[in-house]
Amino acid sequence: MARFFVLEIHTPYRLFYSAQVESFVATLSDGRIGVYAGHSPFTGVLEDCVFRILDEDGIWKEAAVSAGVLIVTGDTATVLSDAAEWPNEIDGKRAMDAKHRAEERLGESIMKYEAVRAKASLTRAKNRLEVLAHSVSPA
């Protein structure tokens, strides 16, 4: 029998998600992680990623989640993120345009900090497009 725990995803603008889940998969600064009920407590740096959630009905959900912090305690996991979007909240054309702009910027000779920002923009755009590609009813 599956065990569940509470997952909350907060952004500065809203409580994006709060529910009992079986597990989730996310990308931390040192790699991908899967968390299940009873996971050892830890705090990690969350990267821009496609955040996958296995809900209590056994259905996988995906969201584009921006960088932040992941805090796992005994029976709760909390994400504090800059932004989070469900597939129906993502504008596919806007994401594709952002991807192309970031790729163009990376092709130019730019300063190091500009390259870091362009890479981050490219990652966010790719995550949004991946979430859209996997969704049943894209926006």
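This is a predicted model: local features need pLDDT of at least 70, side-chain atom pairs count only at pLDDT 80 or more; totals for chains, interfaces and linings use all residues.
A residue is called buried when its relative accessible area is under 20%, exposed when it is over 50%, and partly exposed in between, using a 1.4 Å probe and protein chains only. Residues are numbered from 1 along each chain as its sequence is written, and side-chain values use heavy atoms, with hydrogens and water left out.

Let's start with the whole chain. It holds 2 helices and 9 strands, where helices (H or I, at least four residues) and strands (E, at least two) are DSSP runs numbered from the N terminus. Read from the N terminus, the elements follow the order β-β-β-β-β-β-β-β-β-α-α. The radius of gyration is 16 Å, close to the 14 Å that the globule rule gives for 139 residues, so the chain is as compact as a globular protein of that length. That radius is taken over C-alpha atoms, and the rule is 2.2 Å times the number of residues to the power 0.38. The C-alpha trace spans about 55 × 35 × 25 Å along its principal axes. Of the 139 residues in the chain, 40% are buried. Contacts (heavy atoms within 4.5 Å) also reach along the sequence: among those between residues at least 6 apart, 51% join residues at least 24 apart.

Now step into the strands. Valine 21 sits in strand S2, residues 15-28, and counts as buried because its relative accessible area is 0%. Beyond its neighbours within four places in sequence, valine 21 touches residues including Phe4, Phe5, Leu7, Ile53 and Leu54. Phenylalanine 51 belongs to strand S5, residues 49-55, and is also buried, at a relative accessible area of 0%. With neighbours within four places set aside, the contacts of phenylalanine 51 include Leu7, Ile9, Phe24, Val25, Ala63, Val65 and Val79.

Next comes a loop. Isoleucine 59 lies between S5 and strand S6 (60-65), and its relative accessibility of 46% makes it partly exposed. Apart from neighbours within four places in sequence, isoleucine 59 is in contact with Ile53 and Leu54. Its C-alpha lies 9.6 Å from that of glutamate 22, a residue 37 places away in sequence.

Finally, look at the helices. Two packed helices are described by the angle between their axes and the distance between the axes. Here the axes of H1 (residues 92-107) and H2 (residues 112-134) come within 8 Å and cross at roughly 150 degrees. Axes are lines fitted to C-alpha atoms, for helices over the stretch in contact, and angles run from 0 to 180 degrees between N-to-C directions. H1 and H2 are therefore roughly antiparallel to each other; angles under 35 degrees count as roughly parallel, over 145 as roughly antiparallel, 65 to 115 as roughly perpendicular and the rest as oblique. Among the residues that make the contact are Ala95, Ala102 and Leu106 of H1 and Ala118, Leu122 and Arg128 of H2.

That brings us back to arginine 128, whose place is in helix H2. Leaving out neighbours within four places in sequence, arginine 128 contacts Ala64, Glu85, Ile90 and Ala95. The C-alpha atoms of arginine 128 and alanine 84 are 9.8 Å apart, although 44 residues separate the pair in sequence.
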